[in-house]
Amino acid sequence: MIVAARRRIGDHLQHFDVLVSGCGPTGGVLSNLLAAQGLSVCVVERFPEVYPTPRAIVLDWEAMRTLQYCGVARTLFPSTRSHPGTDFLGVDGEIIKLFDPAPPPYALGWPSTSTFVQPELEKMLRRALSLRANVTMKLGCTVTGFAEDSARVVVTIADNATGASETATATFLVGCDGANSEIRKRLGFNLEDYRFDEWWIVIDAWQLCDTELPRKTTQYCWPSRPATYVVGPGNLRRWEIKLLAQESPAEFDDPARVRAVMANYVDIRCFDIWRSATYRFAARVGDRWASRRVFLAGDAVHQMPPFLGQGLCAGLRDAFNLAWKLVLAQRHGGSDILLSTYETERKPHVAKVIQHAKEFGLIIGEMDEARARERDRILLAELREGRMTTTRQAFIPDLTNGILTNDQLSGSLMVQPEVVSSGRTRLMDDICPMAFLYVTANPAAQTWMEPHADAWRRIGGQRIVIQSSAGSVPDGVVALVEAGDIFARWAAANDTAAVVVRPDRYVYATVQDENDLTHKLKRLDGQLGLVD
């Protein structure tokens with residue numbers, strides 16, 4: 001159904017700053033980020049109700065930080081579970097590899113990895129959108145066509161129930177419409193195949209009684225039947241089980257067959273299966289991510305094996321990266337230079353994460369016993385000799401291209417400390433808007449920004465001092481007192497008193513002095529390429 005009917009002003013079609021096709025997690029997050037910044041957003045989603053069963057089950061701290069800007073992180077958090085880490089079991093049941101989430105204190109303000117229930121998150125995102133006056137939601141509808149010109153995109157939208165269609169215009173169109181994206185197909189873009197193609201069955205089940213289970217998420221690297229066990233939130237548990245060469249996906253339409261395979265890993269009498277589905281795990285990245293005014297995000301432009309728990313997280317990175325650039329482009333008359341960096345930054349980043357996920361998948365899914373035993377020998381030696389990378393976050397790279405400098409911190413994530421403001425302890429991003437930040441460890445370094453204060457304000461830039469105790473600061477600067485020492489230790493470890501931080505909280509540049517800031521702001525101005 002079309003929730004908000006089409007409005008006309010004179011003879012003009014209803015116009016939006018951004019039209020988003022798809023309201024899964026990526027589309028829901030993108031729409032909330034844009035609307036929170038005051039842009040008018042139309043969300044077109046083919047399902048009237050949230051898809052009732054989960055697909056993704058893992059969020060990382062960067063994803064939670066993004067959800068924080070959508071206003072749903074605090075609501076979601078109580079229903080999540082901090083990830084216990086992952087053990088890889090070899091042919092003989094011995095731990096051959098492990099990787100664990102980064103331990104506390106959490107540099108980004110949230111547990112480094114968590115499990116969650118996807119339908120709960122999607123409901124929260126939709127509710128947040130429904131409360132925003134500048135959002136029009138067209139549920140049970142599909143984008144059936146579009147045409148772009150130099151100023152706008154004309155979009156045709158069909159009501160799936162009645163077949164009625166309408167037309168709207170938008171400055172930008174974003175396809176968040178999943179792996180079978182119609183937006184991508186209409187653009188004529190292709191997916192580059194990273195040569196991973198396997199059938200697995202995914203089983204989500206509710207634990208009903210006590211039974212023996214691994215304490216940690218477990219990768220059963222068994223040639224006889226590779227599988228993954230995931231410790232979900234509450235009493236939700238997941239198994240991902242590889243199909244053997246002689247098996248077909250259709251066999252697993254039979255619930256008895258599903259339970260028989262599941263019984264290889266657990267006492268099935270203690271579980272009520274919520275859902276089971278066969279998936280073709282793939283590794284693919286879009287060859288192109290955008291035309292001039294039409295963009296792709298999430299599964300519409302990349303598909304990832306689940307072995308690193310990064311599929312949804314990658315989509316939320318797309319959403320945050322694209323959101324702040326669309327906001328700046330809309331407010332400042334558009335910028336081809338700025339918007340081209342969406343693909344420049346996101347494509348190599350997600351490609352690297354997909355490569356890691358594929359590597360883990362090949363380790364887990366080896367079905368030749370001789371090769372599996374050789375794998376076990378090599379990995380066990382690496383683990384025992386301390387040569388193995390065992391922190392999950394180490395497999396998520398920094399940004400290396402786009403709106404960056406060549407500083408030591410450029411492209412890494414700015415920490416999110418707890419700070420005291422107006423007598424309350426809060427996370428930094430609850431106070432600092434989705435905008436460029438100039439953050440310093442002392443008031444003196446804020447004087448370096450004085451010659452550029454007007455230009456900084458024009459792009460929405462904010463000035464922040466984070467100290468261990470209260471003190472006076474220049475006019476126009478927000479003073480925050482750190483409740484712990486995450487920021488202080490981060491600044492000291494990187495020998496920096498000041499940083500320029502992007503709206504998505506990646507560090508743009510470290511700053512050494514006033515001349516250095518002047519040089520880097522000039523570089524930033526050229527990279528943004530804004531009209532005013």
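The model is predicted, so local features need pLDDT of at least 70, side-chain atom pairs count only at pLDDT 80 or more, and totals for chains, interfaces and linings use all residues. Residues are numbered from 1 along each chain as its sequence is written, and side-chain values use heavy atoms, leaving out hydrogens and water.

Start with strand S2, residues 41-45. Strands (E, at least two residues) and helices (H or I, at least four) are DSSP runs, numbered from the N terminus. Five of the five residues of S2 are buried, so the strand is largely enclosed by the rest of the structure. Buried means under 20% relative accessible area, exposed over 50%, and partly exposed in between, with a 1.4 Å probe and protein chains only. In a regular strand the side chains alternate between the two faces of the sheet. Val41, Val43 and Glu45 point one way from S2, while Cys42 and Val44 point the other way.

Now look at the partners of S2. Two strands pair if DSSP finds at least two bridges between them. S1 (residues 15-21) runs parallel to S2, joined by four bridges. Here Val18 has Val41 as its bridge partner. Between S1 and S2 the chain passes through helix H1 (residues 25-36), in a right-handed β-α-β crossover. Right-handed means that, with the strands pointing away from the viewer, the path from the first strand over the helix to the second runs clockwise. S8 (residues 135-139) is also parallel to S2, through five bridges. Val43 stands opposite Met137 in S8.

Next comes an open sheet of three strands, in the order S3-S7-S4, with antiparallel pairing. S3 (58-60) and S4 (81-82) are at the edges with a single partner strand each, so one side of each has no neighbour in the sheet. Two bridges join S4 to S7 (residues 113-115). Ser82 has Ser114 in S7 as its bridge partner.

Turn to the nonpolar cores. Such a core is a set of buried Ala, Val, Leu, Ile, Met, Phe, Trp, Tyr and Cys residues joined through side-chain atoms within 4.5 Å. The largest has 121 residues, and Leu67, Tyr438 and Leu528 have the most contacts inside it. Helix H7 (residues 311-331) supplies the largest share, 13 residues. A second, separate core of 19 residues includes Ala205 and Phe271.

Finally, find Arg502, in the loop between S24 (498-501) and S25 (507-511). Arg502 counts as buried because its relative accessibility is 0%.
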